[in-house]
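Let's take a friendly walk through this protein, one part at a time. Have the sequence and the 3D view ready as you read.

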Amino acid sequence: MKESGKSSSSPCAACKLLRRRCGHDCVFAPYFPADEPHKFANVHKVFGASNVSKMLQELPEHKREDAVSSMVYEANARVRDPVYGCVGAISSLQQQIDVLRTQLAMTQAEVVQLRLRQSTGIANSPTNSGSPIMGSQPKGYFHMDLDVDQSNCLNEPMWPY
């Protein structure tokens, strides 16, 4: 359990906000120190002091710190985004992952295309210069007029690990 670090005259952040006496058996004191009042303020705003107190009392002491950490995270997310909270942050991150995966796939396809060109010796040809992904190739994406011996270039790993 985390040490409360409070003296007998200084109430914890919860008791200070709730304007009540902070006893030695205060369930909030170990997790909401007096020097972090914003931490309890958001948790109180979202969950309510009574609900937080009940949740903490129902948990074994070794799990309380993790529970408080989760409540603080969710409360801060709810303050920033009252409708979606953490789910909004997770959704935003998943969208970023989807965009980055698409960019990675496009870049990998371009690398494969450039390797194929390099193995056939047409990489420096003026009619076939440019990035196939960016659309500067005159005959469309990945169009090749030559028969390509792919046995050498496709058996090599793309990235040497």
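## Helices H3 and H4

In this predicted model, helix H3 covers residues 49-58 and helix H4 covers residues 61-80. Two packed helices are described by the angle between their axes and the distance between the axes. For H3 and H4, the angle is about 150° and the axes lie 9 Å apart. That angle makes H3 roughly antiparallel to H4, because angles over 145 degrees count that way.

H3 passes H4 in a right-handed crossing. Which residues in H3 and H4 meet? From H3 come Val52, Met55, Leu56 and Gln57, and they meet Arg64, Val68 and Met71 of H4. The residues of this contact divide into 5 nonpolar, 1 polar and 1 charged.

## Helices H2 and H3

Now turn to the pair H2 and H3. Helix H2 spans residues 37-47. H2 packs against H3 at an angle of about 100°, with the two axes 7 Å apart. That makes H2 roughly perpendicular to H3, because angles of 65 to 115 degrees count as roughly perpendicular.

On the H2 side, the residues that meet H3 are Phe40, Val43, His44 and Phe47. Their partners in H3 are Ala49, Asn51, Val52 and Met55. By class, the contact of H2 with H3 has 6 nonpolar residues, 2 polar residues and no charged ones. Look for Val52 and Met55 of H3 in your view: they meet residues of H2, and they also meet residues of H4.

## A glycine in a loop

Next, find Gly23. It sits in the loop between helix H1 (13-18) and helix H2 (37-47). Is Gly23 buried or exposed? Its relative accessibility is 13%, and buried means under 20%, so Gly23 counts as buried.

## The whole protein

How many helices and strands does the protein have? There are 6 helices and 0 strands, so that from the N terminus on the elements run α-α-α-α-α-α.

The protein has 161 residues, and buried residues make up 27% of them. Among contacts between residues at least 6 apart in sequence, 47% join residues at least 24 apart.

Notes
Residues are numbered from 1 along each chain as its sequence is written. This is a predicted model: local features need pLDDT of at least 70, side-chain atom pairs count only at pLDDT 80 or more; totals for chains, interfaces and linings use all residues. Side-chain values use heavy atoms; hydrogens and water are left out. Axes are lines fitted to C-alpha atoms, for helices over the stretch in contact, and angles run from 0 to 180 degrees between N-to-C directions. Helices (H or I, at least four residues) and strands (E, at least two) are DSSP runs, numbered from the N terminus. Angles under 35 degrees count as roughly parallel, over 145 as roughly antiparallel, 65 to 115 as roughly perpendicular and the rest as oblique. A crossing is left-handed if the near helix is turned anticlockwise from the far one by less than a right angle, and right-handed if clockwise. Contact means heavy atoms within 4.5 Å. Ala, Val, Leu, Ile, Met, Phe, Trp, Tyr, Cys and Pro count as nonpolar, Asp, Glu, Lys and Arg as charged, and the others, Gly among them, as polar. Buried means under 20% relative accessible area, exposed over 50%, partly exposed in between (1.4 Å probe, protein chains only).
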